Amino acid sequence: MLENISSVKVSGGWHKQYTHSSQSTHSTMRFAVFLPPGASETNKVPVLYWLSGLTCTDENFMQKAGAFKKAAELGIAIVAPDTSPRGENVPNEDSYDFAQGAGFYVNATQAPYNTHFNMYDYVVSELPALIEQHFPITSTKAISGHSMGGHGALMVALKNPAAFVSASAFSPIVNPIECPWGVKAFTGYLGNDKALWAQYDSCELMKNAEQAHYLPMLVSQGDADGFLQEQLKPENLVAIADKKGYPLTLEMQAGYDHSYFFISSFIDQHLLFHHQFLTA
Ligand SMILES: CC(=O)Oc1ccc2c(C)cc(=O)oc2c1
């Protein structure tokens, strides 16, 4: 059952937050939804799922990205889940890049994380089913995200190309098996099975993608991002895309960093990118 915890009118539509008991994460999860003006049971709208980065909740994107005006104009709903399960019974660490706030959108296999940290199942299956049941939203979906959430968006789209019409990301971790954030998280959640790690790595997934299942993909990256060289490595994904003819566009943006100032500067472009496929 959904519990509505806030409803605020914005840009002619509605921003709403909900909690619910999740079967995937065995915890109470929170998510936010933006419904554009005119969305109703007789006028269902397509949806962009937004996956946030490390330390974030359902609130960061909704409060800082400045997405509502363009989403309202285009008639796109936006759904933003939390980045992990939370609560007293959920394992945690005194760390910004692992455990609560850092679910990495995988299904953990390692104790004590494997009971709750099943964010892959949550964002791929449980949340979309809930959204389509309770809101005036169609099953036509695009996906985007930032940093850890950019990894989540590209990885989820590459693993489920029939479920999404397009994917995009800001400053994504594209090759988690080859960067410190990813190695730490995948070791903690997945153990030492590198074959399992590869199943959640966008570079490895793109290497194995079949042409019939290619999705339009847009990545925006600031060249003044302090995490670019050690953690993000977009060039690794571009090399694979170029070799395979995968329809990935990487836009390097001069002077931008890793923050929501960057996201808010280019979110309209990402919404327009997704709109052409959501309404095709
Ligand atoms: C609100 C905000 O700025 O979010 C934010 C800051 C830093 C990071 C980092 C370093 C990584 C990430 O995955 O997400 C993220 C989000």
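**Note on the predicted model and its ligand site**

1. Leucine 74 counts as buried at 15% relative accessibility (buried is under 20% relative accessible area, exposed over 50%, partly exposed in between, with a 1.4 Å probe and protein chains only). Leucine 74 belongs to helix H2, residues 68-74 (helices, H or I, of at least four residues, and strands, E, of at least two, are DSSP runs numbered from the N terminus). Proline 36 is 38 residues away along the chain from leucine 74, yet the two C-alpha atoms are separated by 8.3 Å.

2. This is a predicted model, in which local features need pLDDT of at least 70 and side-chain atom pairs pLDDT 80 or more, while totals for chains, interfaces and linings use all residues. Residues are numbered from 1 along each chain as its sequence is written, and side-chain values use heavy atoms, without hydrogens or water.

3. Which residues are around the ligand? They are Gly53, Leu54, Cys56, Asn60, Lys64, His146, Ser147, Met148, Trp181, Phe227, His258 and Tyr260 (a heavy atom within 4 Å). By class, this shell divides into 6 nonpolar, 5 polar and 1 charged; Ala, Val, Leu, Ile, Met, Phe, Trp, Tyr, Cys and Pro count as nonpolar, Asp, Glu, Lys and Arg as charged, and the others, Gly among them, as polar.

4. From serine 147, a polar side-chain atom comes to 2.7 Å of a ligand oxygen. On its own the ligand has 380 Å² of accessible area, and the protein covers 82% of that (Shrake-Rupley method, 1.4 Å probe).

5. Asparagine 175 is placed in the loop that runs between strand S7 (167-170) and helix H5 (180-190). With a relative accessible area of 7%, asparagine 175 is buried. The side chain of asparagine 175 makes a polar contact of 3.0 Å with the side chain of aspartate 201 (N or O atoms within 3.5 Å; within protein, one able to donate a hydrogen and the other to accept it, and sequence neighbours count only through side-chain atoms on both sides).

6. Glutamate 178 is in the loop between S7 and H5 as well. Is glutamate 178 buried or partly exposed? At 49% relative accessibility, glutamate 178 counts as partly exposed. Its C-alpha atom is 9.3 Å from that of aspartate 201, 23 residues apart in sequence.

7. Histidine 116 lies in the loop between strand S5 (77-81) and helix H3 (119-134). The relative accessible area of histidine 116 is 10%, so this residue is buried. A polar side-chain atom of histidine 116 lies 2.8 Å from the backbone oxygen of threonine 25. The backbone oxygen of histidine 26 lies 3.1 Å from a polar atom of the histidine 116 side chain.

8. Proline 112 is also in the loop between S5 and H3. The peptide bond joining alanine 111 and proline 112 is cis, with omega about 0°. Most residues other than glycine have a negative phi, and most peptide bonds are trans.

9. Serine 11, which is not a glycine, has a positive phi of about 50°. Serine 11 is found between strand S1 (3-10) and strand S2 (13-22), in the loop, and is partly exposed, with a relative accessible area of 35%. Threonine 55, likewise not a glycine, has a positive phi of about 75°. Threonine 55 is in the loop between strand S4 (45-51) and helix H1 (59-64).

10. Two buried strand residues complete the list. Glutamine 17 is in strand S2 and counts as buried at 8% relative accessibility. Methionine 217 is in strand S8, residues 217-222, and counts as buried at 1% relative accessibility. Methionine 217 and proline 247 are 30 residues apart along the chain, and their C-alpha atoms are separated by 6.2 Å.
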